[in-house]
Every structure is written in C-alpha cells, then in structure tokens.
Amino acid sequence: MRFLPDDDLTVAVVGFGYVGSCLAATLADRGVDVVGVDTNAGLVAELTAGHCRYRENGLAELLARGLAAGRLRITTNYAAIRAADVVLVTVGTPVLEDGSLADGQLRAACTELSGHIRPGQLIVFKSTVPPGTTRTIVRPILERAGMTGSVDFGLAFSPERLSEGVALRELNTFPIVVGGLDPDSAAATAEFWHRTLGVRAIPIGSLEAAEIVKLADNWWIDLNIALANELAKFCAVHDVDVLEVIDAANTVPKGSSMVNILLPSVGVGGSCLTKDPWMVWRSARQRGLEIQTVPTGREINAGMPDYTAQLALSALAELGKDPASATITVLGLAFKNNTGDLRATPTQGAIAAFTKAGAQVRIFDPLVDPGEAEEMFGLPLSPSLEEAVRGADCLAVFALHREFEDLDFAALPVAADCLVLDGRAYYPKEKIQVLRDLGYVYRGIGR
C-alpha cells in the first residue's frame, strides 16, 4: 500500500519539546501544513502566543513565521492528527536509574494515537528507544483500534540525531536514517524526508536497526569523550598539552575517514549522551550480553566535574589562596557552548565541589533561565558580568558562549593572581600567553 499522497502534505508533530518544535518549525517554513500536538497546555499557550522557551538560534522566528502564515498551529487535542497524512512522534523517552526506558510518555502518546489514526496514514517515530520498542510496544498499542500496521497504516522509525545549537541547520543538511515495519513504510518515509526537507534518506533493514543507529552514535560520542578525558589526565602528568596531541593524532587516516579524538571538558551533559549509553547497556543485559564500555565511559565522564574542580582548588592553594576563603566565578552553566540548556549539566557537580571546599561561588550565564539556574545551583545568577567577576580569585569558564568569546580580561575587576580555569573554552596557546602577560594564572584540562 502507498502511505504517502502525491499532492501537498499535512503533517502532525506529536510532542512539542525541543526536537518537535525544531522539526515542526522547519517543515512549516518549507511550506508544509503542520499541526503540533502536546499535552502540556501551558506550553501550547506559550507557543501560540509567540513565546518560545527553547534556546535555539532562529527557532523563535521560524515558529512565529509559521504561526503567522497559518502553516503551523498547536493544540492539545489529539483529534487534530486525523487530518494529517504523516504523523511524526517526538515525545520524551528518559531512562530510569537502572537504565531501562521510562516509557510512560511513549505509551500515553501511542494510546492517544490509537484512538485517532485513520487508514492510509504514515506514522514515524523519532524518540530514542531501545531496539525492539517500535515493534513490540508501539505497534501493538497502535493496533488496538482494529487496524493493522503495514496494511492499514505505515509505521517507521527515523531517529533524531540533532545537535543543540545547530539543529535547524542540521535538519536541512543531515541525511536521515529510515527503518520501516515493511518496505512500503520505509519507502514512504524516505520519500517524505526527501520531499519536505530535501535531504538524503538512508534506508536501513529494519525498525531495530534504525533504533540502534541513534544509540550507536551517542555511545560512540560518550566513549570518545571519555577517551579524550583520560588522555587529558595522561598528558597532564607528563606536562603536555592535550590539544596539541589530539591535533596531531587526528591526522592519521583510518578506514574511510581519519582518527577523530574529540575534546576533553568539564564533563558530559544533556538529555542524550548521559542516558542513551545506559539504554544500550540495559537492553543488552536483558538479552544476556554484558556491555562493559558503557559503565566505563559513563564513570569516566561523570567524574570529570569533580576532577575539574580539583584542578582549580589545587591551583588556588599553590597560589597561597585558601580555597575556603576564595571567590570562584563560574562563567557558563549550560552543558554546551551557546545554549541555555541545564539538563544534566556537568557544571552542577563542579560547583558542588567548589561549595563543599568552602569557596564563595558566583554564577553567570546570559543564556540560562534565572529561576531554573537558582533552583538547580541554589545560587542566584549574578546580574552582570562585572558584578560576577569583581574580586574573583578564579574565573571558571565552563561554557564559552559567544558572549564570552571576546572578554576583555585586562578590564575585568578580578583579584590579583586570578586563576582562569578552562573547562570548555579551549583557549589557544597565544591566548593563554596573553592571559599570563596580564597577570592571570591558567589551568586547563590536560593543559
């Protein structure tokens, strides 16, 4: 059966979080008629009124343009999906402490969908899940109303693989992986992505294979960063700059690409890298396979906030400054440069270590929500950069937002022999020398 009409398409996006918002806004901007569905009435009201809570460059403008043009509307009513040719599901899929999927949102969405889907629709899931979820959990719930997947409706899995901060660009350029319940579902999904976004689709042999692709990506990234963090520690004991080592090491061809060691940092955060490896680990264990690299990589990366904090505390002591009476200013709280996302941010652990040592901690980040920051860190955001750094004994740069890239260190009212702790700025050697010439002391991870 052909699950995609030849004429203009109407698309429903179920789950209007960060991913769903980016996807819906991009599709609407490309002329697609889009309806967003989310059970959070407050979120729907915000978006409809023109307020976007997600920090993504250009997203608020795209959403506003789609709403104003009438190509995008957002509702809490699942009945709206009946008019859609394609239903994209992007609900949250967190994990429990044991690494298993917390599937409440997914099951609830599928239950709602089962009461409203109609024959001929193509339903595509993008939420990250363990392999087998789409076939064994999603499909049976969708079929409760009496319809059959691959006969009455198409069913596919097409993993979300976007990077926060550049998601809109990636949506328009990244190839998209497609796995279908049957060949017709896979072909229709591949055609859909090509018609709407103009990107290349990568058909893959099954739903399970497509589900594993996203897990493999994030498993690799987390392990690669763990390697970089261990390498940084190794370089530190030999008084070698880890960035110099990585630059040189990455020049070796390997396979069809190059050696590609990523960069060390204060730690790994966000909603994907901290949970997706555990999804792999739990899924494997349920089938009698013990994956060892997941807990190892996670342990290494989870330990980086404290390791980074200790770099600062040790350096302050070497300077003759008692950490218990020192003032440490943290610049950048988000888990990633140029975002305001505090989900699982490693800066929380580093700040906790500073506080435990007795230091007076100030925090400043122009991108994060003040209320969210105070709730997470137990500290108010400093109202300005100048107030945040005044008299500081240490500037811990944990997220190099664009607003911090051109800091005039010479003009900052810091204490004498102020320490600059580079947690994710990756200052070049020339910049480090400038800092030292200005009287700062520099410490970096593996530098």
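Which side chains meet in a salt bridge at 2.7 Å, N to O?

**Conventions.** Because the model is predicted, local features need pLDDT of at least 70 and side-chain atom pairs count only at pLDDT 80 or more, whereas totals for chains, interfaces and linings use all residues. Residues are numbered from 1 along each chain as its sequence is written, and side-chain values use heavy atoms, with hydrogens and water left out.

**View A. The salt bridge of Glu290 and Arg285**. The side chains of Glu290 and Arg285 meet at 2.7 Å, N to O. A salt bridge is taken as a side-chain nitrogen of Lys or Arg within 4 Å of a carboxyl oxygen of Asp or Glu. Glu290 has a relative accessible area of 43% and is partly exposed; Arg285, at 40%, is also partly exposed. (Buried means under 20% relative accessible area, exposed over 50%, and partly exposed in between, with a 1.4 Å probe and protein chains only.) The salt-bridge rule gives a count of 21.

**View B. The salt bridge of Glu46 and Arg53**. The closest N and O atoms of this pair are 3.0 Å apart. Glu46 is partly exposed at 26% relative accessibility, and Arg53 is partly exposed at 41%.

**View C. The salt bridge of Glu160 and Lys214**. The N to O distance is 3.1 Å. Glu160 lies in the loop between β6 (154-157) and α6 (167-171), and Lys214 in helix α8 (residues 207-237), so the pair ties together parts that are 54 residues apart in sequence. Helices (H or I, at least four residues) and strands (E, at least two) are DSSP runs, numbered from the N terminus. Both Glu160 and Lys214 are buried.

**View D. The packing of helices α10 and α11**. Helix α10 (residues 276-286) packs against helix α11 (residues 293-302) at an angle of about 150°, with the axes 9 Å apart. Axes are lines fitted to C-alpha atoms over the stretch in contact, and angles run from 0 to 180 degrees between N-to-C directions. The two helices are therefore roughly antiparallel, a term for angles over 145 degrees. Pro277, Trp278, Val280 and Trp281 of α10 meet Val294, Pro295 and Arg298 of α11, where contact means heavy atoms within 4.5 Å. By class, this contact has six nonpolar, no polar and one charged residues. Nonpolar covers Ala, Val, Leu, Ile, Met, Phe, Trp, Tyr, Cys and Pro; charged covers Asp, Glu, Lys and Arg; the others, Gly among them, count as polar.

Technical notes. Parallel < 35°, antiparallel > 145°, perpendicular 65-115°, else oblique.
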